Structures are given as C-alpha cells and as structure tokens.
Amino acid sequence: MKKDYSTGGEAIIRCLERQGVEFIFGHSGASMIPILDAVITTDTAIKMVLVRHEQGATHMADGYARVTGRPGVVMVTSGPGAANTMTGIMNAHMDSVPMIILTGQQVSSMLGKDAFQEADMFGMTVPCVKHSYLVKETNDIPRVMQEAFYICNTGRPGPVLIDLPRDVTAGPCTVDLHAEMDLPGYHPDRPVDREQVQLMAEALNRSERPVLLVGHGAAISGASAEVRQLAETLGAPVTMTLLGKGTFPESHALSLGMLGMHGTPYANKAICEADLIMSIGSRFDDRILGQASMFGRNATILHIDIDPAEIGKIIRPHVACLGDAKETLEELLKHIAPLKTQKWLAHLEKYKKQFPLRYKKQGGLKAQHIIDELYRMTGGKAVVATDVGQHQMWAAQYYKVDDAHNWISSGGAGTMGFGLPAAIGGQFGRPDATVVCIAGDGGFQMTNQELTTAVLHKLPLKIIVLDNHYLGMVRQWQELFYDDRKSNVVLDANPDFARLAEVYGVKGFTLKRPADVRKVLQRALDYSDGPCLIHAEIEQTANVFPMIPAGQPLEGMILEAPNAGGR
Ligand SMILES: Cc1ncc(C[n+]2csc(CCOP(=O)(O)OP(=O)(O)O)c2C)c(N)n1
Ligand SMILES: [Mg+2]
C-alpha cells in the first residue's frame with residue numbers, strides 16, 4: 001500500500017484520522033508549523049478549530065470529550081502556547097477526562113539550552129497528566145500516537161501530553177502507521193473480582209437503609225443502565241456527586257439529587273442516617289464528605305473504583321471492588337434481591353417534602369429562578385455547561401440531569417473560565433443539541449474571547465451570564481465566615497455583557513426583571529442564527545444554600561441564611 005504521508009506532521013494527521021478524531025482545538029506557532037502544514041497538505045477531513053487562547057482549546061477539548069466519551073485533541077505551539085494549556089490539562093486530570101495534547105517544541109538539538117520559546121512541558125506537566133512523551137525520533141510517532149490514545153481513554157481516563165520538537169515533525173516518517181504498542185507496565189483491564197462482589201452483595205442484602213453514591217467513574221464507564229437496575233431492584237435511593245449528575249436520572253423517584261457542600265438537604269440527611277453507603281466511581285472528594293472522620297461512621301461502606309489509588313485514600317471501605325463500574329455491577333446484579341426499604345424510602349420522602357430546594361420568585365431577579373425556568377422550558381434535555389462559583393451550584397441544584405453526557409462542569413479543579421469554551425466543545429461534539437452555558441460575571445471574563453470561536457463556527461450556543469457584580473462564591477464565604485469583610489470580590493466596572501456580545505457578533509439579550517424570565521429565555525432558545533447571550537442582572541448578595549461549611553460534618557448543614565430566611 002502506498003504511504004499517503006511523508007513527514008512526521010503528516011503522519012500525525014493520519015494517526016489522528018485512524019483514531020476517529022473530528023476536531024483539533026488549537027492555536028498556531030512556529031514550532032508546530034510542520035503539523036499545521038499537514039492539516040492542509042493531507043486534505044484531511046479533520047477540522048482544526050483555531051481558538052483565541054490556548055486555555056480555551058483545552059476546555060473545548062474537555063467539553064467535547066465529556067459529551068461524546070471520545071478523547072478531545074489539543075494542538076499548540078511551544079513555550080507560552082504550551083504553558084497556556086496548563087490549567088486545562090490540570091482540569092482534565094482532576095476530572096479524569098480523556099485528552100491528547102500535542103505541543104510543538106524547539107528543535108531537538110536546542111533542547112536544554114533555553115532556546116527561544118523552549119519550555120520543559122514534559123517536566124512542567126508531570127503532576128497533572130496521566131502520561132507524557134517527548135518524541136525524539138520521527139519514526140516513533142505512529143507508536144506514540146497509538147499508545148497515547150489507548151492510555152488516555154482506558155482505565156481511569158486522563159490527559160496525555162505529546163511534546164514534538166520541530167525537527168521531529170518536519171523530518172521524514174518512513175514507518176508504517178500500524179505500530180505495535182509497547183506498554184509492558186500498563187494493564188487497565190481488570191477481571192471482575194467475584195469474591196469481593198459476593199461480599200458486597202451480602203452486605204447489600206443485609207441493609208435496611210442503603211444509599212447509592214454515584215460518581216463520575218460510573219458515568220465514564222457507561223454504567224447508567226446498571227446503576228438504575230441496581231437501584232430499582234434493591235429499592236435503594238441514589239445520590240450523585242457534581243460530576244455524577246445524570247448517571248442516574250435525577251427526575252427518578254429514587255433520586256436524592258446532589259450530595260455535599262451545596263447538595264440537597266435530603267441527600268445529606270440520607271447519608272447521615274444510612275446503614276450502608278455504596279460508592280460507585282466516586283472518589284470521596286472533600287466537597288461531598290464534609291469532615292471525613294465523621295462521614296458514614298455508622299454505615300457499612302462499599303467502594304467500586306477502577307483506580308487502586310482511590311481505595312482507602314480518604315475513606316476506608318469495608319468492602320472494595322477494584323475494576324470497571326459497569327462490569328462490576330453486571331456481576332453484582334446476579335446476586336442481589338429486593339430489600340425491605342419501604343420505611344426508609346417513606347422517611348426520605350418526608351425529608352424531600354419538609355426540606356425541598358426552594359427560592360422566592362418575589363423580590364429581585366434570582367439565578368435559581370432563571371435556571372429553574374430553563375430546566376422546565378428545555379424539558380431537562382439541554383446540554384448544560386457551567387463555569388465555577390455560586391451559579392454553578394445553583395445550576396447543579398436546579399437543572400436536573402437525566403443523562404451524564406448532558407452535564408459539563410469543572411469539579412475537581414473548579415476552574416473559572418471553563419464554562420464558555422467547554423460549552424463550545426460540547427456543541428462541536430453534539431451539533432444537534434441545545435447547549436447552554438451558565439457562567440458568572442467573573443469566570444466569563446476569563447475566557448470570553450472564545451465568543452469569536454463560537455461566532456466563526458455559527459454555533460447555536462445559548463450563553464447566560466449571571467451577573468451579580470461579585471466574585472459571588474468568595475463573597476459568600478467572606479460574609480458567612482469572615483464577618484462580611486468583602487476583600488477583593490467586588491466586580492466594579494463590569495461591561496454591559498449584552499453589548500459586549502453584540503460587538504463580537506453574538507446576539508445579546510438583557511434580563512433584569514423576574515417577570516421577563518420566560519420571555520427572554522424563549523427568545524434565546526428560539527434564536528438560531530449563531531450564538532446568543534443573555535446578560536442577567538441578578539440579585540447581588542444572594543447566597544447558595546444549603547451549605548456545609550468546609551471541614552464540618554454533613555450534620556452541620558446550614559439550611560438557609562441565619563436571619564434572612566432568604567434562600
Ligand atoms: C481560575 C480561578 N481563579 C479563582 C478561583 C476562586 N473562585 C472560586 S468561585 C470564585 C468566584 C466566581 O465569581 P463569578 O464567576 O462571578 O461567579 P459567582 O460565584 O458570582 O456566581 C472565585 C474567585 C477559581 N475557582 N478559579
Ligand atoms: Mg459573580
């Protein structure tokens with residue numbers, strides 16, 4: 001067969017094609033011109049999306065990966081271009097998102113000599129990648145590409161960096177693309193541990209007050225159907241982490257919604273009273289545990305996780321199963337029977353009625369009101385991407401998700417600036433979906449230059465900027481725990497975001513009054529000529545409740561503002 005590539009850069013494009021890559025999110029620079037050139041000379045169907053800042057490229061790749069389950073691909077130049085991807089790589093690493101980052105590099109002979117735009121990306125990213133390569137021979141490219149894709153999306157997914165000196169990508173590639181992988185130390189596939197599964201089944205079958213705690217790992221493993229079957233067979237309630245949202249349908253009667261610092265009162269109370277907590281792909285993050293030593297102290301703890309490092313890292317389980325969530329649950333389902341949980345479920349039902357998530361529609365415009373209406377008007381079917389802060393927590397509380405692929409949020413890293421580019425990546429991955437970005441005025445301004453990317457590609461994105469003129473989440477902590485001393489959280493001189501949008505070529509709407517919420521949302525949902533943005537001027541000092549102060553046990557949940565009654 002005749003080779004249809006000759007340079008390293010061309011071989012890279014062919015390797016990406018073999019992996020089924022549709023988009024490269026990236027920026028340009030001298031040290032990766034051989035690959036940029038190959039994007040044109042190979043006549044590939046892969047589209048390169050030229051972003052406006054490299055951080056944006058990483059979050060786009062991240063959002064794309066979350067909605068499709070396929071790795072997102074980033075390509076940037078050396079030095080500052082590569083360094084600009086650090087936040088996005090860390091974000092993907094914290095949330096186990098499969099990503100390939102191709103970074104251009106100085107020529108091999110200059111490495112280590114502080115040459116122009118040389119940055120040791122391999123070294124700089126070591127703590128926040130799943131694996132990394134510095135490619136020294138052009139003929140290694142096919143093998144490295146094969147391995148990188150395999151590593152990034154098997155086992156516990158994560159970002160893999162490939163640093164590519166310019167002489168390597170410019171040089172001739174003479175080998176076949178069918179390269180053998182050489183990964184003697186990497187064994188992501190684990191057979192299901194039947195003995196441990198049996199022990200789990202026995203513990204479950206003894207339980208009277210079980211709670212299933214579903215995390216991102218369950219979503220990544222595609223275990224939604226099995227989680228649902230488990231919950232329905234047992235008659236067990238289900239709570240989810242921020243990233244587990246949708247892995248079990250939140251509209252299901254057995255759903256308790258999100259757990260943790262800003263989770264639902266009934267989820268937190270259920271965990272406190274449970275006699276068994278079964279984590280399926282959750283890593284017991286501090287945002288869901290409160291005070292770790294108090295978490296589930298009267299419960300039997302079961303933990304399914306694919307990453308051995310997670311077992312016992314924070315919470316020591318009574319029974320652990322190391323392996324893929326879907327396969328483990330398939331086996332477990334053979335050994336379980338319905339439990340007598342009627343009383344337990346009735347008890348939790350009372351909590352749902354007694355302590356619902358609620359807000360007042362009267363008074364000023366509230367973020368909760370907007371998100372609640374958005375949920376109703378989209379039938380819960382939109383793909384929602386959030387930024388980080390109060391609005392993120394309100395979105396998690398009020399936008400119920402029934403499919404994990406419809407929820408894009410930065411969990412482990414909590415990266416402000418994530419929302420807009422992640423939504424753009426989500427829209428590239430799911431062109432026919434209604435994709436909504438919910439951002440705060442602070443985070444939006446960290447990556448808003450990517451509006452251009454959305455305009456260029458005519459993405460029908462809906463962007464809602466919830467403008468409270470504050471770095472609201474930090475202000476909330478200062479109000480509650482630092483005697484309301486507001487240090488460096490006021491966002492004075494915010495622009496008129498609707499006008500800013502228009503300047504970029506994005507349709508802008510303004511929302512100020514609660515009475516207009518439905519009308520303005522409808523206009524945005526109906527708008528089909530590219531992206532649109534709603535500038536929503538919301539109440540400035542509203543707080544997110546319930547709240548469990550950091551480090552406190554779940555029992556210490558504050559249901560609402562101490563004297564305001566104003567959720
Ligand atoms: C890059 C980055 N810088 C700082 C923070 C710390 N931080 C967390 S939430 C928050 C405030 C966010 O403000 P805004 O985007 O307006 O959202 P709001 O909380 O007001 O809804 C800050 C500063 C962060 N998470 N990420
Ligand atoms: Mg704000």
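So, Gln105 and Asp163: their side chains are joined by a polar contact of 2.8 Å. By polar contact I mean a pair of N or O atoms within 3.5 Å; within protein, one must be able to donate a hydrogen and the other to accept it, and residues adjacent in sequence count only if both atoms are side-chain atoms. Before I go on, this is a predicted model, where local features need pLDDT of at least 70, side-chain atom pairs count only at pLDDT 80 or more, and totals for chains, interfaces and linings use all residues. Residues are numbered from 1 along each chain as its sequence is written, chains are lettered from A and ligands numbered from 1 in the order in which they are written, and side-chain values use heavy atoms, with hydrogens and water left out.

Okay, back to Gln105. You'll find Gln105 in strand 4, residues 99-105. Helices (H or I, at least four residues) and strands (E, at least two) are DSSP runs, numbered from the N terminus. Is Gln105 buried or exposed? Gln105 is buried, at 4% relative accessible area. Buried means under 20% relative accessible area, exposed over 50%, and partly exposed in between, with a 1.4 Å probe and protein chains only. Leaving aside neighbours within four places in sequence, Gln105 is in contact with residues including Ser31, Ser78, Leu111 and Arg166; contact means heavy atoms within 4.5 Å.

Now, who sits across from Gln105? That's Pro165, in strand 6. Strands 4 and 6 pair in the parallel sense over seven bridges, and two strands pair if DSSP finds at least two bridges between them. Strand 6 also pairs with strand 5 (residues 131-134), again parallel, over four bridges. There, Ser132 stands opposite Leu161 of strand 6.

Why do we call strand 6 largely enclosed by the rest of the structure? Because seven of the seven residues in strand 6 (residues 159-165) are buried. Pro159, Leu161, Asp163 and Pro165 point one way, while Val160, Ile162 and Leu164 point the other way.

Let's move to ligand 1. Ligand 1 is surrounded by 17 residues, and the closest are Gln390, Gly414, Asp441, Gly443 and Gly472. For that list, a residue is near if one of its heavy atoms lies within 4 Å. The backbone does some of the touching here. A polar backbone atom of Gly414 is 2.8 Å from a nitrogen atom of ligand 1. A backbone N or O atom of Gly443 lies 2.7 Å from an oxygen atom of the ligand, and for Tyr470 that kind of distance is 3.0 Å. On its own, ligand 1 has 580 Å² of accessible area, and the protein covers 76% of it; those areas come from the Shrake-Rupley method with a 1.4 Å probe.

Which elements give two or more residues to that shell? They are helix 17 (390-398), helix 19 (441-447) and helix 21 (472-481). Helix 19 gives the largest share, four residues.

Helix 17 is largely enclosed by the rest of the structure, because nine of its nine residues are buried. In helix 21, the buried residues include Gly472, Met473 and Arg475, and the buried residues of helix 21 pack against helix 17. Just after helix 21, Asp483 takes a positive phi of about 50°.

Last stop: an open sheet of six strands, in the order 14-13-15-16-18-17, with parallel pairing. Its edge strands are strand 14 (407-408) and strand 17 (507-511), each pairing on one side only.
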